[in-house]
Amino acid sequence: MKLLHIKVSPDLSGSASRAASERLVEKLRAHHAGLEESVLDLAQRPLPHLDAFTIAGFFTPPDLRSEAQLTAIQTSEQLVDQLLDCDTLVISSPMWNLGLPSVLKAWFDHITRAGRTFAFTPEGKKIGLVSGKKVYCVVASGSVFAHGPFVADDQFTPYIRVALEYIGITDVQFIRVDGTHDPVARTTALPHALQTIDRLF
């Protein structure tokens, strides 16, 4: 198994999402001999946001790209190759202000590429080109979003699900570390997430 582990939280030592995803990777490693893990730490290696020149490079036919355009799209090309090469993807992230941290959104912008990860048929139907991947998404949130009054406020999980489906990935499992700052749930949020992970295997 080739595993791509995307880490997002800037809290390198006390992050609940990082702690939970490490447990998840330990379980995967125990069940898949010879697991190869590649780590993309977006907190320590933040990605550049797309600019007009890079986007123009995306839409220029490959054989017509200039050297400058090839340089501009190099990061995106590498990220797409890395995604296509993995069997399993683990995304470990906090939820910020109801949605994705911008570094994770930047990753999606780089890997959502016409002609590489999705395409259109002659009839105009969109098809995802990334198949056969399993995704585990570990998301930590200060409030409880799995149930209760804030369920409809969660913009993180719907985006992840739709963005992955857009490129052809439909096998997505969310693991919540729910309520890390909630007065009632904060002491049990991470233990409950770890128990959920243990029950998966």
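Glutamine 155 sits in the loop between strand E6 (134-141) and helix H6. The model is predicted. Setting aside neighbours within four places in sequence, glutamine 155 contacts Leu98 and Gly99. Glutamine 155 and serine 131 are 24 residues apart in sequence, and their C-alpha atoms are 24 Å apart in space.

**The annotated binding site**

UniProt, in an unreviewed entry, places the feature "binding site" at Ser9, Ser15, Ala16, Ser17, Met95, Trp96, Asn97 and Leu98. Which of these residues are included in the lining of the largest pocket? Ser9, Ser15, Ala16, Ser17, Met95 and Trp96 are.

Tryptophan 96 lies in the loop between strand E3 (88-94) and helix H5 (102-111). Asparagine 97 is placed in the loop between E3 and H5 too. Is asparagine 97 buried or exposed? Asparagine 97 counts as exposed, because its relative accessibility of 80% is over the 50% limit. Tryptophan 96 has a relative accessibility of 42%, so it counts as partly exposed. Not counting residues up to four places away in sequence, tryptophan 96 touches Pro10 and Pro101.

The buried residues are Val103, Leu104, Ala106, Trp107, Phe108, His110 and Ile111. What do they pack against? Their partners are strand E1 (2-7), strand E2 (36-41), helix H4 (74-85), E3 and H6.

Two of these partners are helices, H4 and H6. Take H6 first. The axes of H5 and H6 (residues 156-166) come within 11 Å and cross at roughly 15°. H5 is therefore roughly parallel to H6, as the angle is under 35 degrees. On the H5 side, the contact is made by Leu104, Lys105 and Phe108. On the H6 side, Phe156, Tyr159, Ile160, Ala163 and Leu164 take part. The crossing of H5 and H6 is left-handed.

Now H4. The axes of H4 and H5 are 8 Å apart, and the two helices pack at an angle of about 90°. That angle falls within 65 to 115 degrees, so H4 is roughly perpendicular to H5. Thr75, Ser76, Leu79, Val80 and Leu83 of H4 meet Trp107, His110 and Ile111 of H5. Trp107, His110 and Ile111 are among the buried residues of H5.

**A residue in helix H2**

Isoleucine 55 belongs to helix H2 (residues 52-59). With a relative accessible area of 35%, isoleucine 55 is partly exposed. Isoleucine 55 and histidine 147 are 92 residues apart along the chain, with 39 Å separating their C-alpha atoms.

**Accessibility by residue**

| Residue | Relative accessibility | Class |
|---|---|---|
| Isoleucine 55 | 35% | partly exposed |
| Tryptophan 96 | 42% | partly exposed |
| Asparagine 97 | 80% | exposed |

Note on methods: Residues numbered from 1 in each chain as written. Predicted model: local features only at pLDDT ≥ 70, side-chain atom pairs only at ≥ 80, totals over all residues. Heavy atoms only, no water. UniProt positions renumbered as here; feature names shortened; annotations may be inferred. 1 Å grid on protein atoms, 1.4 Å probe; cavity = no way out; pocket = protein on both sides within 12 Å on 5 of 7 lines; lining within 4 Å. Helix = DSSP H or I, 4+ residues; strand = E, 2+ residues; numbered from the N terminus. Buried < 20%, exposed > 50% of the residue type's maximum accessible area, 1.4 Å probe, protein only. Contact = heavy atoms within 4.5 Å. Axes fitted to C-alpha atoms, helices over the stretch in contact; angles between N-to-C directions. Parallel < 35°, antiparallel > 145°, perpendicular 65-115°, else oblique. Left-handed = near helix turned anticlockwise from the far one by under 90°.
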